Amino acid sequence: MAKSAFLRGRAIAQKPIGANVSVTTLVDRYFQAYNAGRLGEAAKLYAEKMLENDVTVGVSITGALTPAGLGGSCIVPMMKAGFIDWIVSTGANLYHDTHFSIGHTLHRGSPFYDDRILRDQGIIRIYDIVFPYEVLLSTDSFFRKVLQGPEFQRQMTTAEFHYLTGKYVHAREKALGVKYHSILSAAYKFGVPVYTSSPGDSSIGMNVAAMQLQGSKFLFDVSADVNETAAIVLRAKRSGGKSGIFILGGGSPKNFVLQTEPQLQEVLGINEKGHDFFLQITDARPDTGGLSGATPSEAVSWGKVDPDKLPDTVVAYLDSTVALPIIASYAMAKRKPRKLKRLYDERPAMNAALASEYKKAQRRKKN
């Protein structure tokens, strides 16, 4: 009898695991089912398909990943290797990542400390990470000092703000002899545009607000962010390539990277079909109706994901602090570095192309 199509997958293996096996061996041989199976599929989708040279990869970052060291250990090496082309991050991740760049240290601790005692001793806790309150004050002071610069006395996109700020962060790292770059520093060095979908919702935004009380003319242009991120996706498609989205967590950054396609199709009236690759690491459930847990098939109904590319989507339900190091290491082992796209430098041309296509779409609509 012909073998059922449902039985064509690789047989579940029982080979005993050895000592000190590599990440690639773990993923290829031992991540066989359940969430391990999905993590294996995620690592392979990213390394084997999303990192082809014609794919533009956007990454969204939520959850306190940088305080846990995942900025310098995973995100930055991926940026350097050309594995991340643009980013949407919470402001908090960029803020806490800067602690390391200006010479501060965060420590492993316990989630079971008495927070009343920590408060009395001036110690901040992020679950099982602890550091002195002075770290916040020092980082606040750094950002306020940077914001006093003449180049900041105007309205700009969050990508511009992060690029200009990254220049100062990079200089501070060099002056202090900090060995590993932060995301902002790496974004400046490698030309990776970094956006924040809710720029007021972090300590960076709080310090921007404080500077306005002192007469600062700086303003975030969030509408320009919406169009510019859509322009990145349009450039990827119109150049004959593809668009891949790698989502760490959920929240506002997840929506911001995905809404680029509805912005093109629904709002601007530009002919498009959706992102080609959707990869998410999340602990959010889909049945509560929240965006963080929304599935790629649901995203198809919004035009966020190309319906023809639904097989090239993976959701792995586990902690990003577990998944990201594994996916990053697997990709580093499987793929050679890609040429940097330096999309930050391409922003004027991309924005002009978006405006041109929008005008054409409006003329077609009138006719």
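1. A residue is called buried when its relative accessible area is under 20%, exposed when that area is over 50%, and partly exposed in between (1.4 Å probe, protein chains only). The structure is a predicted model, in which local features need pLDDT of at least 70 and side-chain atom pairs count only at pLDDT 80 or more, while totals for chains, interfaces and linings use all residues. Residues are numbered from 1 along each chain as its sequence is written, and side-chain values use heavy atoms, with hydrogens and water left out.

2. Another salt bridge, at 2.8 Å from N to O, joins Glu272 and Lys237. Glu272 sits in the loop between α12 (260–267) and β10 (277–282), and Lys237 belongs to helix α10 (residues 222–238), so this pair ties together parts that lie 35 residues apart in sequence. Helices (H or I, at least four residues) and strands (E, at least two) are DSSP runs, numbered from the N terminus. Glu272 counts as buried, at 14% relative accessibility, and Lys237 likewise counts as buried, at 14%.

3. Asp308 and Lys273 also form a salt bridge, in which the closest N and O atoms are 2.6 Å apart. This pair links distant parts of the chain, since Asp308 is in the loop between α13 (296–301) and β11 (313–317) and Lys273 is in the loop between α12 and β10, 35 residues apart. Asp308 is exposed, at 56% relative accessibility, while Lys273 is partly exposed, at 42%. A network of salt bridges includes Lys237, Glu272, Lys273 and Asp308 among its members, along with others such as Arg238 and Glu357.

4. The next topic is the nonpolar interior. A nonpolar core is a set of buried Ala, Val, Leu, Ile, Met, Phe, Trp, Tyr and Cys residues joined through side-chain atoms within 4.5 Å. The largest such core has 69 residues, and those with the most contacts inside it are Tyr46, Met79 and Phe246. With contact meaning heavy atoms within 4.5 Å, and leaving aside neighbours within four places in sequence, Tyr46 touches several residues, including Leu51, Phe83, Phe246 and Ile327. Apart from this core lies another, of 26 residues, among them Trp86, Val88, Tyr195 and Ile270.

5. Turning to the strands, two of them pair if DSSP finds at least two bridges between them. Three strands form an open, antiparallel sheet in the order β3-β5-β4. Because β3 (107–108) and β4 (123–126) stand at the edges with a single partner strand each, one side of each has no neighbour in the sheet. Two bridges pair β3 with β5 (residues 129–132) in the antiparallel sense, and the bridge partner of His107 in β5 is Val130.

6. Elsewhere, β10 and β11 run parallel and are joined by five bridges, with Phe278 having Thr313 as its bridge partner in β11. The chain passes from β10 through α13 to β11 in a right-handed β-α-β crossover, meaning that, with the strands pointing away from the viewer, the path from the first strand over the helix to the second runs clockwise. Four of the five residues of β11 are buried, leaving this strand mostly covered.

Conventions. A salt bridge is a side-chain nitrogen of Lys or Arg within 4 Å of a carboxyl oxygen of Asp or Glu.
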